[in-house]
Amino acid sequence: MPIAMNDKGEALRLSDEGQWVPTNLARNPQTGEELAFDGRDWQAVKRPVDVTREVGAVGAGLHRGFANTLGLPVDLANSAFRAAQSATPIGEQEGLIPGPGQVLGAAARLFPAASDNPVGGSRWIKDRFGDVGVDIDRKAQTSAGRIAARAGEELGGMAVPMAGAMAIPARELSATGSAIREALAGTGTLDRVGQAVVSAGAGAGAGVAQEAAPNSQMAELAGGLAGGLATGAGLGALQAGVSVAAPFLSQGAREAAAGAALRRFSANPDALETNLATAPREIVPGSKLTTAQAVQDPGLAALERTVRSEDPQIGGGFAIRDAERAAAQRAAIDAQAPSGPGATDVAAMARDRLERFQAAAGTRTDRMQGAVDRQAAALGGDAAPDTYGRTIRDELANGRQSAKGYEQQLWQRLQDRPDLALEVSGTRDAAQKMMGEIGPYAAAPEGDASSILGLAADLPDVLRYGDLQQLRSRIVQAQDGFTRAGNAVDARRLSAILTGIDDDLARAAGGDAAALPPPGQALALPPPTPVPAPVSAAARQEASSSVESAAPAPSIGDPLPEQLPTPPEPDALQPNFGPDEAALYRQARAATAERKGTYERGAVGDVLQQGGFRSTDGPYLRPDETVAARFFNAGRTSRTDVQQFLAAAGDREKAVQALREYAAGDLKRTATGQDGAIDPTKWRKWMDQRVAALRPFPELMRQMDSVGKAQSLVNTIGRQGEDAARAFEVSPAGKLVGDRDPDRAFAQILQGGNVTAGLRQLVRMAKGDAGQVRRAAVDYLLRSIENPGSVDAAGEVGLSTAKAARTVDRLAGPLQDSGLFGADHVAALRKVVEDMRRGVYAQNAGRAAGSNTYQNLSAASVLGQIGLGRLAESTLFASTVGRPVAFLLRIPDQEVRKLIADAMLDPDFALQLARRATPDRMEWVARSLTRRAAATGAGATAQAGSPRDQQPTAQR
């Protein structure tokens, strides 16, 4: 069954019911092993060592010894009173005279009765200790604890040295301690401290004996004697050694020993003082260098490494120094930027910059687009195409009517001369020639062609002008009929007669037929004086109206009379078609040609065509919505078509404006999307395709070109703004906008391929106030040099020198080239790196000459090497005083090590120690040690005849 121990040290076993119940304890008399009964068998008890309990047991032993010693007088008196009061009167039964016993008993009964726990007695004192919380009966668990507690009782018994021989209670009287003290009392070697040490040794010996032979009084006595004698002998040798080593236990000797250790470990001891004097104390403000870091001596670096590792208590100072230096290094980096949120503020600045840029770009684009829209609206063209078509055709029809009226007025003035006659032999000759060409097998003239040929062939030499015009009109009408009927032969025959008439008219006008205007071409003939040409369309309209009201001009479609008037006798007519008549004729002929060329041919004639072939009445053949497009289009004849239109429209601004607006409307419909936005590409394509049609309208073309270019510029600026926004979003600064973690985004900037460009962008964006950008960079530096795997003595994450060196070397150039850091900032960072490199010097420096074990840092080793070696020849010294001296020199080892540790932490103190440990001074120390040993008699054989040495002057 299992055994357990409670917090009171009691043994417990597990019962059959599953409950923990107390059990019995026993000890094996042969082995001393503690046993516990588990209900069936005895098991060894393995008590966990409670250090607190062990220490408490030793303290309890000290208190018991103190109580026993302090309460011993009261206990002895109380025991005497108890014996006297209980004594039987002598001779009382025999009735004799009272003897001495009766007298003593009677006297004892005069005092108070003896008590079991008198005030001031040892038990009473122990109870008072219990009242203040001292467990006077606490027992140790281990043998070592019980031996220490037994020694504590003896040592506590010496707490009242004035008790003399009563120092040991009667109940626990240690004959061992008394015997030792009595044996050594006459030697004069023990003082009170020595007596205490001897008592403690006797108690420890008795405790060992009790552990070996429990409950054996003889074993306890023998153990106490052995322990006390051994302690006393050692104490005597120690006192002899003290007389030799005492001078070297002083503070000056310890400092000399520490200085000697520094020199011995230094890689360059001859230059140690100079190096210590000139070495820097701080590279970074507040970061104090250790001695090894300051002088960069590999030997001292090894010494520092040894001090750090071999003695955690002393090495803790270095850990604190490391933490202080790390804090100073962090502070130095942190001081390169003002305080603030850093990357968070930079991200907000970048976001604000982007938003303001987008807002400004949008406002600018909207403002420019508004100007473009106004320019486009000023072009017009908002009406439907059929509206412009009707307006254009009506204006052209009015122009044609005005031209016809002007033309008829000119012809009418010639016709109003009934006596006007001219030679017509050319017409007669042409008719006769044509009739002569008609052979017997040729097709005979049909219809009116036969009568016209016969009539023309019989013309006289001179004919009235009016008759000739009537003949000409009849021929033109018949020719048109043959042309429509497809009778090209008769049409050609009549055409020859018309040519003869034109030749006769040309000769009469003083020229030839070539001088007459061809059909469809308007000649700019100078108007004759009697018939001035109108200067405006209004004048022509007025003239036409007056002529039409007076006598309507005959139309080609009017029926001709069956026969022409009978010509007068030949001798009655004389040619009188003079220069004035010829000029009037040329003018009328030019007006007719101009009207036909302007209104009956090309695009204008197509637009004004009504009904059937050459019909002048009935509906127009071309729909209204296609009228404007017939002139303004992208065809090859567009320029000619527009020029014909302008010639026909003349000064009719309404028609011209209608065509302009139609062009603008067509452009808008073609190049504007459903959202109303102009497509500059379509706009330019439309204009390029219609450049010929636009040339006659230079102002319109300029306005359209301006709108297209303006829209293109607006679109370009808009795209540039969008491109700039997208470029910003993917730029280093843009990363700060899109990332929810500004610190991570800023780290990406500093880890990117072009750190300088990224930082320059942020600096420009900051507009002269790059403090928070610098703060973000400093925060990144502080994060990047941390070593997450280590924590310093201050609880802060450790710093990595390698990371710091790589980071600063990589970023120093970009930080300064971008203008974010100045030269002073970069220099401060490099100082931090240098300071950190010196900080790890002790970890990386090579091993110094000789051993660097911690043993070599002791005063015994240092002074032994310089002094005890001179006494090596003395066997007596080595066997008696030498060992105690070595032991005593180990006593200040901790102080020497503390001095060395302080010196390794403080270069100034190291310099002071090095100056105290010059070779001359250490030689004097060695000689002094030799003389001291000789004076004790132990070193008489060791250089007994050496001259008296003088102490050198200490260097300052």
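This is a predicted model: local features need pLDDT of at least 70, side-chain atom pairs count only at pLDDT 80 or more; totals for chains, interfaces and linings use all residues.
Three cavities of 30 Å³ or more were counted.

Which residues line the second largest cavity? The lining consists of Ile333, Leu781, Ile785, Ala804, Val808, Leu829, Val832 and Val833. Two or more of these residues come from each of α33 (801-817) and α34 (823-839). The greatest contribution is from α34, which supplies three residues. How many nonpolar, polar and charged residues does the lining have? Eight are nonpolar. None is polar, and none is charged.

The sheet comes next. Strands of a sheet pair through backbone hydrogen bonds, and the pairing is either parallel or antiparallel. Here, three strands form an open sheet in the order β4-β5-β6. Their pairing is antiparallel. Strands β4 (25-27) and β6 (42-44) lie at the edges. Each of these edge strands pairs on one side only. On average, neighbouring strands of the sheet are turned by 35° against each other, direction ignored.

Strand β5 covers residues 34-37. Three bridges join β5 to β6, and the two strands run antiparallel. What is the bridge partner of Leu35 in β6? The partner is Ala44.

Key. Residues are numbered from 1 along each chain as its sequence is written. Side-chain values use heavy atoms; hydrogens and water are left out. On a 1 Å grid over the protein atoms alone, a cavity is a set of points where a 1.4 Å probe fits but cannot get out, and a pocket is an open set with protein on both sides within 12 Å along at least five of seven lines; lining residues have an atom within 4 Å of a point. Grid points are joined across faces, edges and corners, and a volume is the space filled by probe spheres set on the points. Helices (H or I, at least four residues) and strands (E, at least two) are DSSP runs, numbered from the N terminus. Ala, Val, Leu, Ile, Met, Phe, Trp, Tyr, Cys and Pro count as nonpolar, Asp, Glu, Lys and Arg as charged, and the others, Gly among them, as polar. Two strands pair if DSSP finds at least two bridges between them. Axes are lines fitted to C-alpha atoms, for helices over the stretch in contact, and angles run from 0 to 180 degrees between N-to-C directions.
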